Amino acid sequence: MSRPHFFAGAPEPGEAVILSSEDAGHAVRSLRLRVGDEFTSSDGHGAVATCRVLRAERLLVEGEVIDRSWESRPRPSLSVVLAPPKGDRLTWGVQKLVEVGADEIVLVEASRSIRRWPGQRADRVGPRLAAVVREAAKQSRRRFEPSVSGPVPWDEAVVPTPRGILVVLWERARGGLLESLPPDTPDEVTLVIGPEGGIPEEDVRGAERAGAAVASLGPNVLRTETAAVAAAAVVLARYGRLG
């Protein structure tokens, strides 16, 4: 059985790692961590410490670091710009994107977006999804903690960067996603997944003029969150980060 994983820092061997009260409660009640058991803890930036439990109480778990390793951030970093679907499908999509390996998720307000958060409601989206991201990152034992942000306007989110490639997924594109990816590993790949109402052609052409690639995932019609996870898996597998 693999060790439970947390984001509570990764100090040097011999030093202490103390879980938050929320993580401690989960570790003791659900994961049944006891004195002498081991868990791993990341600093969210590539360092991971293996810890042995010294104290295990309802709201306090303290471990001693017995080993520490560090890895550089994998290339390419993967960002997914996502027009949020309705209901629990957004939570599911964000969770699965983190599990397969996405590094950043940006919610975008497209012209045909079905789901919107007017006014102050938008301020509550980030913290709720950040908790989903963190739990998914712990479950999948990520070294690097992914980020989630938005919602942001389309023109702000769909902007190519000089260090990578931006691909807009569009059902009417002539070429597939794989053929749009460069053979040499870029620093960054950004995927844009529009709403189920589709991306208007003028928005697609505008992204093309700005330097984006346009690609299709094939003839099947996918839900927004399914397309996001499928496209992320294709990119990560293409550059050796998955499979």
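How are α2 and α7 oriented to each other, roughly parallel or roughly antiparallel? The axes of the two helices cross at roughly 5°, and α2 and α7 are therefore roughly parallel to each other (angles under 35 degrees; over 145 would count as roughly antiparallel, 65 to 115 as roughly perpendicular and the rest as oblique). The model is predicted, local features need pLDDT of at least 70, side-chain atom pairs count only at pLDDT 80 or more, and totals for chains, interfaces and linings use all residues. Residues are numbered from 1 along each chain as its sequence is written, and side-chain values use heavy atoms, with hydrogens and water left out.

**View 1. Packing of helix α2 (residues 88-100) with helix α7 (residues 224-238)**. The helix axes come within 9 Å; axes are lines fitted to C-alpha atoms, for helices over the stretch in contact, and angles run from 0 to 180 degrees between N-to-C directions. Contact (heavy atoms within 4.5 Å) involves Arg89, Trp92, Gly93, Lys96, Leu97 and Val100 of α2, and Thr224, Glu225, Ala228, Val229, Ala232 and Leu236 of α7. This set comprises seven nonpolar, two polar and three charged residues, where Ala, Val, Leu, Ile, Met, Phe, Trp, Tyr, Cys and Pro count as nonpolar, Asp, Glu, Lys and Arg as charged, and the others, Gly among them, as polar.

**View 2. The open six-stranded sheet**. The strand order is β8-β7-β6-β10-β9-β11, with parallel pairing. Helices (H or I, at least four residues) and strands (E, at least two) are DSSP runs, numbered from the N terminus, and two strands pair if DSSP finds at least two bridges between them. The edge strands β8 (147-153) and β11 (213-215) each pair on one side only. Neighbouring strands are turned by 20° against each other on average, direction ignored.

View 3. β6 pairs with β10 (residues 188-193) over six bridges, with Ser77 opposite Glu188. Four bridges join β6 to β7 (residues 104-109), where Ile105 is the bridge partner of Val80.

**View 4. Helices against the sheet**. Helix α2 lies across β6 and β7, running at about 150° to β7. Helix α7 touches β6, β9 (164-169) and β10, and its direction makes about 160° with that of β10.
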